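Hello,

Here is the structure I said I would pass on. My notes on it follow below.

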Amino acid sequence: MASSSPMKTSQHHHHLRHVESMKILPSGAGKISHLNAAILGESLASEENDLVFPNDQFSSQALVPSPEKYMEMYKRSVEDPAGFWSDIAWSEFYWKEKWGQQVFSENLDVRKGNINIEWFKGGVTNICYNCLDRNVEAGNGDKIALYWEGNELGVDGTLTYTQLLHSVCQLANYLKDAGVKKGDAVVIYLPMLMELPIAMLACARIGAVHSVVFAGFSAESLAQRIVDCKPKVVITCNAVKRGSKVITLKGIVDAGLTESARNGISVDVCLTYENQSAMNRESTNWQEGRDIWWQDVVPKYPTTCDVEWVDAEDPLFLLYTSGSTGKPKGVLHTTGGYMVYSATTFKYAFDYKPSDVYWCTADCGWITGHSYVTYGPLLNGASVVVYEGAPNYPDSGRCWDIVDKYKVTLFYTAPTLVRSLMRDGDQYVKRYSRKSLRVLGSVGEPINPSAWRWFYNVVGDSRCPISDTWWQTETGGFMITPLPGAWPQKPGSATFPFFGIQPVIVDEKGVEIDGECSGYLCVKGSWPGAFRTLYGDHERYETTYFKPFPGYYFSGDGCSRDKDGYHWLTGRVDDVINVSGHRIGTAEVESALVSHPQCAEAAVVGVDHEVKGQGIYAFVTLVEGVEYSEELRKSLILTVRNQIGAFAAPDKIHWAPGLPKTRSGKIMRRILRKIASRQLDELGDTSTLADPNVVDQLIELADR
């Protein structure tokens, strides 16, 4: 087993150097924080080495109160991962049977055979049981599990842990009756109703594999996922209101089911929840025999349902994510390691206490909604706010209205939202008390220092530490993140690795770089939350993540480490752009554009966008003889919306009579990025292009 070889420890010591090089002030952070976080917060200059300290009172009550305590736990987690994780797994979760002698086995080196990661194999458990039954049995059945806030003001609901368990069991019983068995896939296409986490948990209870598809994806994207995982049932609702707009989800699902049937995969059951606030039954398209109203069948089932006990390595869910080629990748997470990792990261990164009320603004269609709306918080017995609507509806104060209404203590959101609220002005924030807030969190992309400071000073009144979390769909949970009571923070830095995580920065050749540096972010060794494969395509799993730098997991992100050991994420280094925290493959957008009959060729790059982080900038070459027009521009954008979803629509279409290509025909994206960001003095050498004149033509057409 990997952790027993003597080689390992010397590597660990080598790695600990980075962490030990962190300049821990000799007195510990505690004594220095008389500098007072508030004063520091107000007067922060722009240098990246400014430190913002947690205040004494916060730290003294935190789960990890000091850099020293972090160091002690971190050191054990990388020197004895088996002992560290098995202690947590065994003491904090229910297992029907314990795992064997070996806590984990791993091979992350393609040169040594197939990539393979297993944690707690042979251990038998169920994540739904751990989320719900265990909390009820511990006497917390009457505690609120979910606070639901509707799109419209004054529309809300709650479920206690007992009520949530009953609802989950009813749906689980229905699914079993519909023929869903252990290992079968169920596709869930729902907005942020309480029925979304209910559906996820019901699948987990019976050992079915859920694949949640974000309800902003188009019918074609949905069909693609249905064809890939061949679900027994699709769960949706008739419509939803987001802000003032009604979105008819059932129509999208109908089109998706027609499309997937055309590709040979037909689904017999479409369970549809009637969301009356958005649309009534009579107006809903219906196919007798296939479509079933949730309200007509689910409530008739018993409120108890036997748990399907599964192996720690049995699949829990599939979540499709963008890659640098067109086809989405089905990221597969298994049960035991994911359970332990999502719960433990939630507990420490938010310094969770049983009295907390937690609100994560993410949708369950993304990994954040899996790990930090549904599983992580419920495994800890937390009370979670689920919000159906848009964050700026009816106005930009809605988030703080919700914070005050539910006395939210932990608030977790994306930099995009922070930047758009920041632009709308402080008055919307100051109108509300926000006194309940204790910890803020940021997810989805690096948060720029000015947005960090606004979030810290204005939203958190300079008293709430910010957990600026770096992680991915593939990692299952936080990888690099501040622990709010432990470390002084630098605005915009993800700080230090979570327990058990060994980040390394490598150069082009895959050589680890020490000290202050920048390069490619990789991870050494496995961790319990890691994904185990890409569904049906283990070869692509190995090629994408483990071949670029043999021996490591390659994140696809760039990173720099400063002189104090803090990590600064610099964004994707592959052809994936991060728009509002959502990963979008440039190849996906390009293939959607090229499917338009008048588009001959397209190249898509990311550009800086003041709210979304990155915007989508598309260079489009039209079919010979077709004229540029505003109509055509709109039609191209609509094609992308229809094929992928509105969130992937290009911000800018740049007409391109030709694209800069090498003599072998490769598009020079470096040049396109410079033109898109108008850095025309940095184009570099264009003489190697097959046709250097193309560049001048593109510059000329820049603002047409």
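In helix 19, the buried residues are A451, W452, R453, W454, F455, Y456, N457, V458 and V459. Buried here means under 20% relative accessible area, with over 50% called exposed and anything in between partly exposed (1.4 Å probe, protein chains only). Helices (H or I, at least four residues) and strands (E, at least two) are DSSP runs, numbered from the N terminus. Helix 19 covers residues 449–459, and nine of its eleven residues are buried, so it is largely enclosed by the rest of the structure. D461, which follows helix 19, has a positive phi, near 50 degrees.

Before the rest, a note on the source. This is a predicted model, in which local features need pLDDT of at least 70 and side-chain atom pairs count only at pLDDT 80 or more, while totals for chains, interfaces and linings use all residues. Residues are numbered from 1 along each chain as its sequence is written, and side-chain values use heavy atoms, with hydrogens and water left out.

**Aromatic rings**

Searching the whole structure gives 62 aromatic pairs. Rings of Phe, Tyr and Trp (its six-membered ring) pair if their centres lie within 6.5 Å; planes under 30 degrees apart count as stacked, over 60 as edge-to-face and the rest as tilted. The ring centres of F498 and F499 are 4.9 Å apart with the planes at 50 degrees, so this pair is tilted. Both residues, F498 and F499, are buried.

Another tilted pair is Y520 with F549, at 5.4 Å centre to centre and 40 degrees between the planes. Y520 is in strand 22 (residues 517–524), and F549 is in the loop between helix 20 (538–545) and strand 24 (553–561), so the pair ties together parts that are 29 residues apart in sequence. F549 counts as buried, at 8% relative accessibility.

One aromatic cluster is formed by Y70, Y74, F84, W85, Y341, Y348, W487, F496, F498, F499 and Y566. K490 lies over the face of Y566, 4.5 Å from the ring centre. A charge sits over a ring if NZ of Lys or CZ of Arg is within 6 Å of the ring centre and within 35 degrees of the ring normal. The charged end of R225 likewise sits over the ring of F217, at 4.3 Å from its centre.

**Cysteines**

The whole structure was searched for disulfides (a pair of cysteine sulfur atoms within 2.5 Å), and zero were found. For C229, the closest cysteine sulfur is in C203, 11 Å away and too far for a bond. C229 is buried, with a relative accessible area of 4%. C599 is also buried, at 5%.

Regards
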